Amino acid sequence: MTRQEILDRTIKIVRDCVPELEGVELREDTVVNTDMGMDSMNFILVICKLEAEFDARIPNRLWSKLSTLGEVVDAIEKYRK
């Protein structure tokens, strides 16, 4: 799976979990919590769905350090099984 495919699927999952983002452009440099206005419950839902979708186990301590969608994709690439 290419990086672009992972990014596209990540964006789809985010949009499915946070419908308020309809019409908002999401790119690799989009800041996860700030630009998206995601609350903590939505963020946890997104994390669970991403890990399930990509069969990845990203360490909990790392999630709080990921600030952009690009960094999320990096983590998915690194921790996929």
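How many residues does α3 have, and what distance does α3 reach from its first C-alpha to its last?

Modeller: This is a predicted model, in which local features need pLDDT of at least 70 and side-chain atom pairs count only at pLDDT 80 or more, while totals for chains, interfaces and linings use all residues. Residues are numbered from 1 along each chain as its sequence is written, and side-chain values use heavy atoms, with hydrogens and water left out.

α3 has 15 residues and reaches 21 Å from its first C-alpha to its last, close to the 21 Å expected at 1.5 Å a residue; the expected span is 1.5 Å times one less than the number of residues. Helices here are DSSP runs (H or I, at least four residues), numbered from the N terminus.

An α-helix has 3.6 residues a turn, so residues three or four places apart point the same way.

Neighbours within four places in sequence aside, L50 is in contact (heavy atoms within 4.5 Å) with T10, I13, W63, V72 and I76. L50 is also, with M36 and W63, among the residues with the most contacts inside the largest nonpolar core, which has 27 residues. Such a core is a set of buried Ala, Val, Leu, Ile, Met, Phe, Trp, Tyr and Cys residues joined through side-chain atoms within 4.5 Å.

The structure holds one cavity of 30 Å³ or more, and the largest cavity contains about 50 Å³ of space. A cavity is a set of points on a 1 Å grid over the protein atoms alone where a 1.4 Å probe fits but cannot get out, and lining residues have an atom within 4 Å of a point. Points are joined across faces, edges and corners, and the volume is the space filled by probe spheres set on them. The largest share of the lining, four residues, comes from α3; the lining includes F43, V46, I47 and L50.

α3 is followed by D55, whose phi is positive, near 50°. D55 lies in the loop between α3 (40–54) and α4 (60–63).

Notes
Helices (H or I, at least four residues) and strands (E, at least two) are DSSP runs, numbered from the N terminus. Buried means under 20% relative accessible area, exposed over 50%, partly exposed in between (1.4 Å probe, protein chains only). On a 1 Å grid over the protein atoms alone, a cavity is a set of points where a 1.4 Å probe fits but cannot get out, and a pocket is an open set with protein on both sides within 12 Å along at least five of seven lines; lining residues have an atom within 4 Å of a point.
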